[in-house]
Amino acid sequence: MAFQSSLVHASTDISQLKITQPDDWHLHLRDGSHLHSVLPHSAAVFKRAIIMPNLKPPITTVKSALAYRDRIMTALPPDSPFVPLMTLYLTDNTTAEEIRSARESGAIYAVKLYPAGATTNSQAGVTDLFGKCMPALEEMIQQQLPLLVHGEVTDKNVDIFDRESAFINMVLQPLVNRLPQLKIVMEHITTREAVQFVTSCGEGSIAATVTPQHLIMNRNALFQNGLQPHNYCLPVLKREIHREAVFKAVTSGSKQFFLGTDSAPHEKHTKEASCGCAGIYNAPVAVPLYTQVFEQAGALDKLEAFTSFNGPDFYGLPRNTSTIRIVREPWIVPNEYHFGSSTVVPMFAGKSLDWKVV
Ligand SMILES: NC(=O)N[C@@H](CC(=O)O)C(=O)O
Ligand SMILES: [Zn+2]
Ligand SMILES: [Zn+2]
């Protein structure tokens, strides 16, 4: 309970909200049986989602992206209107031609930059962005495909809590200087420096996604009453001053910030391990938690733009016409989800949430 109960609940008598159906602009659906297990949680709430390509092996070609899209469509619950928006995993060898054919496919909406070694399944990521990736990035400008960035340097000598701000200085700012027309989404931002960077770039070409965990928890949550592996994700949770900066930016109503859950399921035994995986499974709780964040800021009137307008506007896609209802109705998050032989522990397992999507 520690983290929610530390929130000051703004007094309000709003008991339900009806908003345009949200999209998730950063989602890990995995593959195979895991895909079948987790997809219904996202498809129940979100109309569309940007699907992360960090599978094993990664989705580096149009062909593999379209095949993955087919597997997602096959795994969807019957009659689900959910639309997966596919991405390509950028490597040192991605060609301009692959970028052109990504756009022509009509199914691929962005290209993802993982610095090699930065996070889960990023080993095949980029080692030399400025030396090797310029032809692909220049073609992305022509094709109006945004670059989605896991923004952390991988230098082991850089303190893990400084890896995002170091990335801004060493990679992102130089990239923006070199290719000012490239559309960039800084994914899952966690720091005051990221907020300042995105805001300083101005609307139009730079935006950021924000997860529920980085809005609600600071790094104390990793060590509350002992090591908490289910609060471990990358970029790692930061100090309270950073959480506050991200919270303020999001709830201010700026169009440059939008919903991206980074829901990243890992099996329970791989998180509760001597070397635990990074990633938080938040798909079942994300919209209730975002609602709680905006309520706490006294900004429920700005929730819908964050969940449902700013993302499609940035991507140049139509806003959804369907709606969802969010009601004030306490419910307890399950301790775990059992999917066949595997178990996944969700964010805030066993805790009570104030809002529910119906
Ligand atoms: N966020 C995480 O901690 N993990 C993500 C990868 C990522 O988004 O960096 C995953 O795929 O597990
Ligand atoms: Zn990431
Ligand atoms: Zn992610």
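Valine 210 stands opposite leucine 259 in β9. Strands here are DSSP runs (E, at least two residues), as are helices (H or I, at least four), and both are numbered from the N terminus. The model is predicted: local features need pLDDT of at least 70, side-chain atom pairs count only at pLDDT 80 or more, and totals for chains, interfaces and linings use all residues. Residues are numbered from 1 along each chain as its sequence is written, while chains are lettered from A and ligands numbered from 1 in the order in which they are written.

Strand β8 pairs in the parallel sense with β9 (residues 257–259) over 3 bridges. Pairing requires at least two DSSP bridges between the strands. β7 and β8 also pair in the parallel sense, over 3 bridges. Valine 185 stands opposite alanine 207 in β8. The chain runs from β7 through α8 to β8, and this β-α-β crossover is right-handed: with the strands pointing away from the viewer, the path from the first strand over the helix to the second is clockwise.

A residue counts as buried if 20 or more other C-beta atoms, placed from the backbone, lie within 10 Å of its own. In β8, 5 of the 5 residues are buried, so the strand is largely enclosed by the rest of the structure. Ile206, Ala208 and Val210 lie on one side, and Ala207 and Thr209 on the other.

In helix α8 (residues 192–201), the buried residues are Ala194, Val195, Phe197 and Val198. Seen down the axis of α8, they fall within an arc of 165 degrees (taken from the directions from the axis to the C-beta atoms), so they line one face of the helix. Glycine 202 follows α8, and its phi is positive, near 80 degrees.

Terms used. Buried ≥ 20, exposed ≤ 12 C-beta atoms within 10 Å, placed from the backbone.
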